[in-house]
Amino acid sequence: MPKPMILRALRSKAFQLALQTTIISGLGAVIISAVIYYAAETTIKGQLDSAVKSEQAEIMSDSSGTEADIEASIHDELNDSSGLFYALLGPSGKLLVGNVDVSGALIKKLNVYKTLTVRNGLNLPAHVSAIRGMAIKLDNGDVLYIAEKANELMALNEFYSYSFLILVGGILVIGMAGGFFAARSALRRVEMITSASQEIMAGNLARRIDEDGSRDEFDRLIISLNMMLDRIQVLMQNVQQVSNDISHDLRSPLARLRDSLEDSKLMTPDPATGACFDQAIEQVDSVLGIFSAMLRLAEIETQSMRTHFLSVDMAPLVEDMGETFKVVAAADHKIIHTQVEAPLCVTGDRELLEQMLVNVIENAILYSPLGKDIVIRAWLNTAGGVAIEIADRGPGIPVSEHKRVLQRFVRLDASRHNPGTGLGLALVAAIADLHGAAISFADNHPGLRVLFQFPTTNTAVWDTTCKA
Ligand SMILES: Nc1ncnc2c1ncn2[C@@H]1O[C@H](COP(=O)(O)OP(=O)(O)OP(=O)(O)O)[C@@H](O)[C@H]1O
Ligand SMILES: [Mg+2]
């Protein structure tokens, strides 16, 4: 599995949920183990303690309570190899008789039942890992300590330490592995939805997300999304149909009206009436222009054109554009300077890219004063993306209007006396967006600098794919 996929799986909500469940299960297992351990330990301790208690009672009842009698009783028990541990200490703490060397300091702490091991400084036989017992003070000042072999307690401790590690470790490992696989499978479905959405956004409206037929929540979500996409596609087709109908039904009569106006103009001998016809033709041209621009915009905004994208070399395209507009600019005594690096490959639609540059260059010529030069530059930026800039020496656009001028039909007051529809930059913005290019405006002190920055492309494949 690729590394980013593993990282994404680990960071996913599904894995975090599984981790939380695992931690809660682990805590539950710890609590249950602790309760079972406590119950088992208490039972074993109870059995050991009662054995010690009855032995204490037996020794006390067998003897008359004198030191010698008790010593004799202990001797008997030791000879009988009862398996218990005894120590009779005199008032000075000296061991009088016994098979375990509980020291004077230790014995003081044994007034309650305690489990002792070699770690407490005892010399225990090899087969005994621990003893448990308590000391009682006799009337004559001696101290009698009796203990029972407590190997079961040690075995219980050991058993629980291992099982605890195995249980908690097992829950953690199985829980996390389960969480990881659950996250990975959820992530695969999410990735599938993401990549399908990206394809749809890139213009392939017919793309649908694959259902796996499991009818789980993901599958149901995918079915709903696919149904929604079907509906959107139908609506888009309807919009397209309406646009086409408008284009056909309205543009044809307008074109016929234009022809009639031309004919009428030719037939009229009166120059004043001819001028009126000219004005009318101009208005019809403007309406036809708005229609074409609106239809073009609608077409671009569906983003379906992306499916026909090719590698285009912008270097000759920008050069040609500079050459073409030199003549137009010269009429206004403006010189166009073109500085182009080559090659400059972008992925896109050549005709649309041309249209985008034409609109901006036309603005630069239209809105800059007579005799002011225009500079068109195209280069490869440090990130490896193509950058194109068109700079003029006109009035520029105030920063507060930078966003607004990209909207449809927006024209600034300063340029109202110039012909235009206010759709040029809206078209530019739509084309730039279709190509993933960022568009920005800057002050040219004075004038406007329009900068396009295309996404980074793989320069290694340019030689074979990039078309002039
Ligand atoms: N280079 C420029 N210098 C100054 N103002 C500009 C420049 N380019 C655009 N503008 C302003 O932005 C407005 C919108 O430009 P846009 O190209 O969208 O429309 P237009 O040029 O008015 O009409 P058309 O649709 O015919 O291009 C313009 O009307 C003008 O006010
Ligand atoms: Mg314009």
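The side chains of Arg-215 and Asp-219 meet in a salt bridge, with N and O 3.0 Å apart; a salt bridge is here a side-chain nitrogen of Lys or Arg within 4 Å of a carboxyl oxygen of Asp or Glu. The model is predicted, so local features were taken only at pLDDT of at least 70 and side-chain atom pairs only at pLDDT 80 or more, while totals for chains, interfaces and linings use all residues. Residues are numbered from 1 along each chain as its sequence is written, chains are lettered from A and ligands numbered from 1 in the order in which they are written, and side-chain values use heavy atoms, with hydrogens and water left out.

Arg-215 lies in the loop between α5 and α6 (217-267), and Asp-219 is placed in helix α6. Helices (H or I, at least four residues) and strands (E, at least two) are DSSP runs, numbered from the N terminus. Asp-219 counts as buried, at 0% relative accessibility, whereas Arg-215 is partly exposed, with a relative accessible area of 48%. Buried means under 20% relative accessible area, exposed over 50%, and partly exposed in between, for a 1.4 Å probe and protein chains only. Arg-215 also has a positive phi of about 60 degrees although it is not a glycine. Most residues other than glycine have a negative phi, and most peptide bonds are trans. Asp-219 and Ile-209, 10 residues apart in sequence, have their C-alpha atoms 9.7 Å apart.

The count of salt bridges comes to 19. One of them joins Lys-334 to Asp-332, with the closest N and O atoms 3.4 Å apart. Lys-334 is buried, with a relative accessible area of 3%, and Asp-332 counts as partly exposed at 27%. Shared partners join the salt bridges of Arg-189, Asp-212, Arg-215, Asp-216 and Asp-219 into one network. In a further salt bridge, the closest N and O atoms of Glu-351 and Arg-296 are 3.3 Å apart. This pair links distant parts of the chain, as Glu-351 is in helix α9 (residues 350-367) and Arg-296 in helix α7 (residues 271-301), 55 residues apart. Glu-351 is exposed, with a relative accessible area of 53%.

Asp-392, in the loop between β10 (385-391) and α10 (424-434), is buried yet has no salt bridge. The side chain of Asp-392 reaches the backbone nitrogen of Gly-394 at 2.9 Å.

The structure holds three aromatic pairs. Rings of Phe, Tyr and Trp (its six-membered ring) pair if their centres lie within 6.5 Å; planes under 30 degrees apart count as stacked, over 60 as edge-to-face and the rest as tilted. The rings of Tyr-37 and Tyr-160 are edge-to-face because their planes stand at 70 degrees, with the centres 5.2 Å apart. Tyr-37 belongs to helix α2 (residues 13-62) and Tyr-160 to helix α5 (residues 151-201), so that the pair links distant parts of the chain, 123 residues apart. Tyr-160 is buried, at 16% relative accessibility. The rings of Phe-180 and Phe-181 are likewise edge-to-face, with planes at 70 degrees and centres 5.6 Å apart. Phe-180 counts as buried at 15% relative accessibility, whereas Phe-181 is partly exposed at 48%. Tyr-37, Phe-159 and Tyr-160 form one aromatic cluster. The charged end of Arg-377 sits over the ring of Trp-379, 4.2 Å from its centre; this description requires NZ of Lys or CZ of Arg within 6 Å of the ring centre and within 35 degrees of the ring normal.

Strands β11 (residues 438-443) and β12 (residues 448-456) pair in the antiparallel sense over six bridges, where pairing requires that DSSP finds at least two bridges between two strands. Ser-440 stands opposite Leu-451 in β12. The hairpin has four residues between its strands, and His-445 there takes a positive phi near 45 degrees. His-445 is exposed, with a relative accessible area of 64%. The peptide bond from His-445 to Pro-446 is cis, with omega near -5 degrees. A cis peptide bond also runs from Ala-342 to Pro-343, with omega near -10 degrees, and Pro-343 is found in the loop between β7 (336-340) and β8 (345-348).

Notes
Lys, Arg positive; Asp, Glu negative; His and termini not counted. Polar contact = N/O pair within 3.5 Å; in protein donor to acceptor, adjacent residues only side chain to side chain.
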